[in-house]
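Me: I would like to go through the fold in this entry before setting anything up. Could you take my questions as they come?

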Amino acid sequence: YYWSSYDGVEVDFFLETAKGYLAIEVKSAQSWRAPFNRGLCRLRRELGAGKVRCLGVYTGSRRADFQGIPVLPCVDFLRGLWAGELAA
């Protein structure tokens, strides 16, 4: 699923796992910008930081952390997904 607020703030993927919720924002961009976190930050604030794990995924080449949200290059994200490391 995706998540959307009443005022149009969105998160691309919103999943429920055995360990809680996982929210993922995906951008086709070579660099991650703080505004990309808008939906993730809103969702984390509304649900509570301990109830949702947030991730950013982009086409760049470096891992980063923006506003406490891990941002992964697409290749790293897919490797982690395949290895089962992103289940919660």
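This is a predicted model: local features need pLDDT of at least 70, side-chain atom pairs count only at pLDDT 80 or more; totals for chains, interfaces and linings use all residues.

Me: To start, in what order do the strands of the open sheet come?

Reply: The order is β3-β4-β5-β7-β6, with five strands in an open sheet and mixed pairing. The average twist from one strand to the next is 30 degrees.

Me: Which strands stand at the edges?

Reply: Those are β3 and β6, the latter covering 64-66. Each has a single partner strand, so one side of each is left without a neighbour in the sheet.

Me: And how do β4 and β5 pair?

Reply: Strand β4, residues 20-27, runs parallel to strand β5, residues 52-58, and seven bridges connect them. Tyrosine 21 has valine 52 of β5 opposite it.

Me: What about β5 and β7, parallel or antiparallel?

Reply: They run parallel, joined by three bridges. Tyrosine 58 has proline 73 in β7 as its bridge partner.

Me: Then β6 with β7, parallel or antiparallel?

Reply: That pairing is antiparallel, again described by three bridges. Within it, isoleucine 69 of β7 lies opposite phenylalanine 66. The two strands form a hairpin with two residues between them, and there glutamine 67 adopts a positive phi near 55 degrees.

Me: Is β7 largely enclosed or open, and why?

Reply: β7 is largely enclosed by the rest of the structure, because four of its five residues are buried. Buried here means a relative accessible area under 20%.

Me: Turning to the helices, which strands does α1 lie across?

Reply: Helix α1, residues 38-47, lies across β3, β4, β5 and β7 (69-73). Its direction is at about 175 degrees to β5. Helix α2, residues 74-82, also packs on the sheet, where it touches β4, β5 and β7. The angle between the directions of α2 and β7 is about 100 degrees.

Me: Changing topic: which residues make the nonpolar surface patch?

Reply: Phe13, Leu15 and Val26 make it, and the patch has an area of about 230 Å².

Me: Where is leucine 15 found, and is it buried or partly exposed?

Reply: Leucine 15 belongs to strand β3, which spans residues 13-17. Its relative accessible area is 34%, so leucine 15 counts as partly exposed, a class that lies between the 20% and 50% limits.

Me: What is the general rule for side chains along a regular strand?

Reply: In a regular strand, they alternate between the two faces of the sheet.

Key: Residues are numbered from 1 along each chain as its sequence is written. Side-chain values use heavy atoms; hydrogens and water are left out. Patches are made of residues with over 30% relative accessible area and no salt bridge: like charges are joined within 9 Å, nonpolar side chains (Val, Leu, Ile, Met, Phe, Trp, Tyr) within 5 Å. Accessible areas come from the Shrake-Rupley method with a 1.4 Å probe; for residues, only the protein chains shown count as cover. A salt bridge is a side-chain nitrogen of Lys or Arg within 4 Å of a carboxyl oxygen of Asp or Glu. Buried means under 20% relative accessible area, exposed over 50%, partly exposed in between (1.4 Å probe, protein chains only). Two strands pair if DSSP finds at least two bridges between them. Axes are lines fitted to C-alpha atoms, for helices over the stretch in contact, and angles run from 0 to 180 degrees between N-to-C directions. Contact means heavy atoms within 4.5 Å.
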